[in-house]
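Keep the sequence and the structure open beside the text as you read.

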Amino acid sequence: NSPDQVQTVQNLEKAGILNKTKVCENGKKVRKNWTATWTVLREGVLTFHKDPKSTTAGNITNQIVPEFAVELKGATIGWASKDKSSKKNVLELKGKNGVEFLIQYDTDSIIHDWHKIILDAIRKLRSS
Ligand code: I3S
């Protein structure tokens, strides 16, 4: 793991920088806005946090209060088909309530780790 990717607690939690864009909200398509985002998986919830450096006065609350939270219980994750994006290594995360994100990272090992840990979390929540 590189310094901007952290994994702890018997591999059940993870945090790192990923590129993400929302593509659907309440089942409605929204315009893509790819941004590098601090992403945290913890207790069955995936949260996206704004980079504090990109906001006024480096607002610390942005690190604590997420921009978006996706509950992984009942969510699905899989590799996005080629028509979803021209980028490589794109994952498609579909949450309940018709929310959909694309998650992307150029480094294969990093995006594969995220795929695996999110899939594991979804499976664990399904059987709980
Ligand atoms: O799926 P799309 O519409 O081809 O997505 C591209 C656009 O969102 C584009 O911005 P504009 O809305 O200004 O056209 C983005 O810059 C691209 O990154 C999007 O495509 P990729 O293939 O990168 O997901």
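Glu43 counts as exposed because it has 9 C-beta neighbours inside 10 Å. By the rule used here, a residue is buried if 20 or more other C-beta atoms lie within 10 Å of its own, exposed if 12 or fewer, and partly exposed in between, with C-beta atoms placed from the backbone. Glu43 is found in the loop between β4 and β5. Its phi is positive, about 50°, although Glu43 is not a glycine. As background, most residues other than glycine have a negative phi.

**The model and its confidence**

This is a predicted model, in which local features need pLDDT of at least 70, side-chain atom pairs count only at pLDDT 80 or more, and totals for chains, interfaces and linings use all residues. Residues are numbered from 1 along each chain as its sequence is written. The mean pLDDT of the chain is 88, and 83% of its residues reach 70 or more; pLDDT is the predictor's confidence in each residue, from 0 to 100. The model scores are ipTM 0.89 and pTM 0.86. Where pLDDT is low, the predicted coordinates should not be read in detail.

**Strands and helices**

The chain has two helices and nine strands. Helices (H or I, at least four residues) and strands (E, at least two) are DSSP runs, numbered from the N terminus. Read from the N terminus, their order is β-β-β-β-β-α-β-β-β-β-α. Of the chain's 128 residues, 22% count as buried. Among contacts in the chain with a separation of 6 or more, 40% are between residues 24 or more positions apart; a contact here has two C-beta atoms, placed from the backbone, within 7 Å.

**Around strand β4**

One of the bridged pairs is Arg42 with Val45 in β5. The hairpin of β4 and β5 has two residues between the strands. β4 also runs antiparallel to β2, through seven bridges, and Ile17 has Trp38 as its bridge partner in β4. Ala36 lies in β4 too, a strand of residues 35-42. Ala36 counts as partly exposed because it has 14 C-beta neighbours inside 10 Å.

**The nonpolar core**

Which residues of the largest nonpolar core touch the most other members? They are Val70, Leu72, Leu91, Leu93, Phe101, Ile103 and Ile118, out of 19 residues in that core. β2 (13-25), β8 (90-94), β9 (100-104) and α2 (108-126) each supply at least two residues of this core, and α2 gives the largest share, four residues. The term covers buried Ala, Val, Leu, Ile, Met, Phe, Trp, Tyr and Cys residues joined through C-beta atoms within 7 Å. Leaving aside neighbours within four places in sequence, Ile118 is in contact with Leu41, Leu46, Leu72 and Ile77.

Ile111 also lies in helix α2. Ile111 counts as buried because it has 20 C-beta neighbours inside 10 Å. Not counting residues up to four places away in sequence, Ile111 touches Asn89, Leu91 and Tyr105. Asn89 sits in the loop between β7 (76-79) and β8. Like Glu43, which is not a glycine and has a positive phi, Asn89 is a non-glycine residue with a positive phi, about 55°. Asn89 counts as partly exposed because it has 19 C-beta neighbours inside 10 Å.

**Around the ligand**

The residues around the ligand are Arg31, Lys32, Trp34, Ser85, Ser86 and Lys87, taking a residue as near when its C-beta atom, placed from the backbone, lies within 6 Å. By class, this shell has one nonpolar, two polar and three charged residues. Ser85 belongs to the loop between β7 and β8. With 17 other C-beta atoms within 10 Å, Ser85 is partly exposed. Leaving aside neighbours within four places in sequence, Ser85 is in contact with Ala80, Val90 and Leu102.

**Some distances through the fold**

The table lists pairs by their separation along the chain and between C-alpha atoms.

| Pair | Apart in sequence | C-alpha to C-alpha |
|---|---|---|
| Ser85 and Lys32 | 53 residues | 10.0 Å |
| Ala36 and Trp114 | 78 residues | 15 Å |
| Ile111 and Gly74 | 37 residues | 21 Å |

Conventions
Ala, Val, Leu, Ile, Met, Phe, Trp, Tyr, Cys and Pro count as nonpolar, Asp, Glu, Lys and Arg as charged, and the others, Gly among them, as polar. Two strands pair if DSSP finds at least two bridges between them.
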